[in-house]
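Here is a short report for a reader new to this structure.

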Amino acid sequence: GNLVTASPISDMNPMLAALGAKLVLSSFVGGEAGGGSPSEISRRKVPVSEFFLKYRTVDLKPYELVESIEIPLLQTSLEFVAPFKQARRREDDISIVTSGMRLLIAPAEDGGYIIKDASMAFGGMAPTTVMTTKTAGSLIGKPFIADTFRSASQTLLDELHLPEDVPGGQVEYRRALASSYLYQFYLHCVGEVESDIERSKGSLPPAPVVADVEKSGAACFVCSTKPSIGGVQKYPAPKVAKGL
């Protein structure tokens, strides 16, 4: 339902698109005409990034259904993904802007890291889930450092246009959120690199240095452990009329 209803502010769809996931769509052979045998099933694969055609419209025939989702496995190290979401409440609220991002890096000859591949998708910034291919392309081949992501943030702002009369309003706020996600993703990836270095027992180059004042920027409530919630409501003793 989350996929086929094609909500432009879905939390799951940008993640699947950024991961390069594919949908397996199936139907009975001859299903368009109402015929076909149950043993004859036709299947086709559609990348999630190409599944959303326009607002609330997807590449799914009336006689097809989504049978399964194929999600590529990540490398065991130096490939990272993260979700991002901003809403008015932590629980039970739709997103203002949501995103999924993936990054692949490799050790560089200068002792640092170079970005080998990147993909990112956003919800709440267009009538459909949208891939920011120009921004992702601007990262590839660049060093994995803060300045690379600061520069790419401007590319992202140029790529994500919202008209002043866009449904939901908050044009500049939404654009600022999308841009901030990208730098937040960099901070998240630095932390992941540090974990990979620890697991590799020092065989990888050191991670970029992040200033202490910026480290909290990697925090994301979507990835954080959900706090326990409890409450008690006390009612006064009922008043009883004398003689009743």
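Helices are DSSP runs of H or I with at least four residues, numbered from the N terminus. The model is predicted.

Ser-179 lies in helix α5. Is Ser-179 buried or exposed? Its relative accessibility is 14%, so Ser-179 counts as buried, because the cut-off for buried is under 20%. Beyond its neighbours within four places in sequence, Ser-179 touches Ser-153, Leu-156 and Leu-157.

Helix α5 covers residues 171-199. Helix α5 lies across β6, β7 and β8. Its angle to β6 is about 145 degrees.

**The sheet**

Four strands form an open sheet in the order β6-β7-β8-β9, paired antiparallel. β6 and β9 stand at the edges with a single partner strand each, so one side of each has no neighbour in the sheet. Strands β8 and β9 run antiparallel and are joined by 2 bridges. Phe-122 has Val-130 in β9 as its bridge partner.

| Strand | Residues |
|---|---|
| β6 | residues 79-87 |
| β7 | residues 95-107 |
| β8 | residues 113-123 |
| β9 | residues 130-131 |

**The whole chain**

The chain has 6 helices and 9 strands. Its radius of gyration is 23 Å, well over the 18 Å that the globule rule gives for 244 residues, so the chain is more spread out than a compact globule. The C-alpha trace spans about 90 × 70 × 45 Å along its principal axes. Of the 244 residues, 41% count as buried. The chain exposes about 14,100 Å², and carbon and sulfur atoms supply 56% of that area. Among contacts between residues at least 6 apart in sequence, 62% join residues at least 24 apart.

Key: Residues numbered from 1 in each chain as written. Predicted model: local features only at pLDDT ≥ 70, side-chain atom pairs only at ≥ 80, totals over all residues. Heavy atoms only, no water. Pairing = 2+ DSSP bridges. Contact = heavy atoms within 4.5 Å. Axes fitted to C-alpha atoms, helices over the stretch in contact; angles between N-to-C directions. Buried < 20%, exposed > 50% of the residue type's maximum accessible area, 1.4 Å probe, protein only. Rg over C-alpha atoms; globule rule 2.2 N^0.38 Å. Areas by Shrake-Rupley, 256 points an atom, 1.4 Å probe, with all protein chains shown as cover.
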